[in-house]
Amino acid sequence: KADGDTERELYAKYKCYCDTSEAEKKDEISKLSGEIAMLEAKIEELQAGTGGLSKEVANLDKAVQANKDSTAEATAIRKKENEAFLALEADLSAAIEQMKSAIRTLADVGADQTLATGADHKQYMAG
């Protein structure tokens, strides 16, 4: 009979432990299920935001490429225009030097046709 009493007492303690433990576990499962639902909603929200950001990044990548293309095109145009300017500048500088040389030559010959000396030179130029 003592063994039976001991077994009943141990069984009662075990049943009490199981009942208490089961209640705690059910409560914990309930709390964690709510947290899981909240986290799943947050994940869906973040994934939706990520999709929008991915589209924005793709659009920005296109804009960056368009800017690079425009820059390359503008640089090529500027280079051609600079080459044309340098050629024209060299041509005009040579023309200016030729005009200065011609003016010096005419001045050395005495071909000044200003009003003050114009009358003297008419006779000289007429020969």
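Predicted model: local features only at pLDDT ≥ 70, side-chain atom pairs only at ≥ 80, totals over all residues.
A residue counts as buried under 20% relative accessible area, as exposed over 50%, and as partly exposed in between. Buried residues account for 2% of the 127 residues in the protein. The accessible surface comes to about 11500 Å². Carbon and sulfur atoms contribute 60% of that surface.

The secondary structure consists of two helices and zero strands. Helix 1 spans residues 2-109. This helix has 108 residues. From the first C-alpha to the last, helix 1 reaches 152 Å. That value is close to the 160 Å expected at 1.5 Å a residue. Helix 1 is followed by glycine 110. The phi of glycine 110 is positive, near 90°.

Charge pairing was examined next. The count comes to six salt bridges. Among them is the pair formed by the side chains of glutamate 9 and lysine 13, with an N to O distance of 3.8 Å. This falls within the 4 Å cut-off for a salt bridge. Both residues belong to helix 1, where they are four residues apart and therefore separated by about one helical turn. An α-helix has 3.6 residues a turn, so residues three or four places apart point the same way. Lysine 13 has a relative accessible area of 52% and is therefore exposed.

A second salt bridge joins the side chains of aspartate 19 and lysine 15. Here the N to O distance is 3.6 Å. Aspartate 19 and lysine 15 also lie in helix 1, four residues apart, or about one turn of the helix. Aspartate 19 is partly exposed, at 39% relative accessible area. Lysine 15 is likewise partly exposed. Its relative accessibility is 41%.

Lysine 31 has 58% relative accessibility and so counts as exposed. Aspartate 27 has a relative accessible area of 41% and is partly exposed.

The surface also carries a nonpolar patch. Tyr11, Tyr14 and Tyr17 form this patch. Together the three residues have about 430 Å² of accessible area. Tyrosine 17 is located in helix 1. With a relative accessible area of 57%, tyrosine 17 is exposed.

Cysteine pairing was searched across the whole structure, and zero disulfides were found. A disulfide requires a pair of cysteine sulfur atoms within 2.5 Å. For cysteine 16, the closest cysteine sulfur is that of cysteine 18. The separation is 9.3 Å, which is too far for a bond. The relation holds in the other direction: the closest cysteine sulfur to that of cysteine 18 is in cysteine 16. Cysteine 16 is partly exposed, with a relative accessible area of 48%. Cysteine 18 is partly exposed as well, with a relative accessible area of 26%.

Note on methods
Residues numbered from 1 in each chain as written. Heavy atoms only, no water. Buried < 20%, exposed > 50% of the residue type's maximum accessible area, 1.4 Å probe, protein only. Areas by Shrake-Rupley, 256 points an atom, 1.4 Å probe, with all protein chains shown as cover. Patch = residues over 30% accessible without salt bridge, like charges linked within 9 Å, V, L, I, M, F, W, Y side chains within 5 Å. Expected span 1.5 Å × (residues − 1).
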